[in-house]
Amino acid sequence: RLSRAECVTNSLREMYETMNVQLTSELPKIIDSRVAYLDPSFDAVIKSQLSFSQDTHNTMERLRQF
């Protein structure tokens, strides 16, 4: 039983170490790539809000003139 438990433990340790190395190498890449994704998205949201605000302001100005 002890030998079997040690074998399972060693197998799980190897699996953990493999995943840990993979995550350690890939997580910085994922974090760095978020900038390339989030910046254009944030820019689009800001431009959309600006367009909405300008359209609303123009509409209110036309209504105010009546």
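**Exercise 1.** Take Glu61 and Arg64 in this predicted model: which helix do they lie in, and how many residues apart are they? Then work out how their side chains meet.

*Solution.* 
- Step 1: Both Glu61 and Arg64 sit in helix 1, with a spacing of three residues, which is about one turn of the helix.
- Step 2: Look at the side chains: they meet in a salt bridge, 3.0 Å from N to O. The cut-off is 4 Å, so this pair qualifies.
- Step 3: Arg64 has a relative accessible area of 63%, and it counts as exposed because the threshold is over 50%. Glu61 comes out at 27%, so it lands in the partly exposed class, between 20% and 50%.

**Exercise 2.** How many salt bridges does the structure hold? Track down the partner of Lys47 as well.

*Solution.* 
- Step 1: The count is two. Glu61 with Arg64 is one of them.
- Step 2: Lys47 pairs with Asp43 in a salt bridge of 3.3 Å, N to O.
- Step 3: These two also belong to helix 1, but here the spacing is four residues, again about one turn of the helix.
- Step 4: Lys47 is exposed at 51% relative accessibility, while Asp43, at 37%, is partly exposed.

**Exercise 3.** Zoom out: how many helices and strands does the protein have, and is it spread out or a compact globule?

*Solution.* 
- Step 1: Tally the elements: one helix, zero strands.
- Step 2: The radius of gyration is 28 Å, whereas the globule rule gives 11 Å for 66 residues; that's well over, so the protein is more spread out than a compact globule.
- Step 3: The C-alpha trace backs this up with spans of about 90 × 25 × 5 Å along the principal axes.
- Step 4: As for burial, 0% of the 66 residues count as buried.
- Step 5: The protein exposes about 6500 Å², and carbon and sulfur atoms supply 61% of that.

**Exercise 4.** How many positive and negative side chains are there, and how far apart are the centres of the two sets?

*Solution.* Count 8 positive and 9 negative side chains; their centres lie 5 Å apart.

Key
Residues numbered from 1 in each chain as written. Predicted model: local features only at pLDDT ≥ 70, side-chain atom pairs only at ≥ 80, totals over all residues. Heavy atoms only, no water. Buried < 20%, exposed > 50% of the residue type's maximum accessible area, 1.4 Å probe, protein only. Rg over C-alpha atoms; globule rule 2.2 N^0.38 Å. Areas by Shrake-Rupley, 256 points an atom, 1.4 Å probe, with all protein chains shown as cover. Lys, Arg positive; Asp, Glu negative; His and termini not counted. Charge placed at Lys NZ, Arg CZ, Asp CG, Glu CD.
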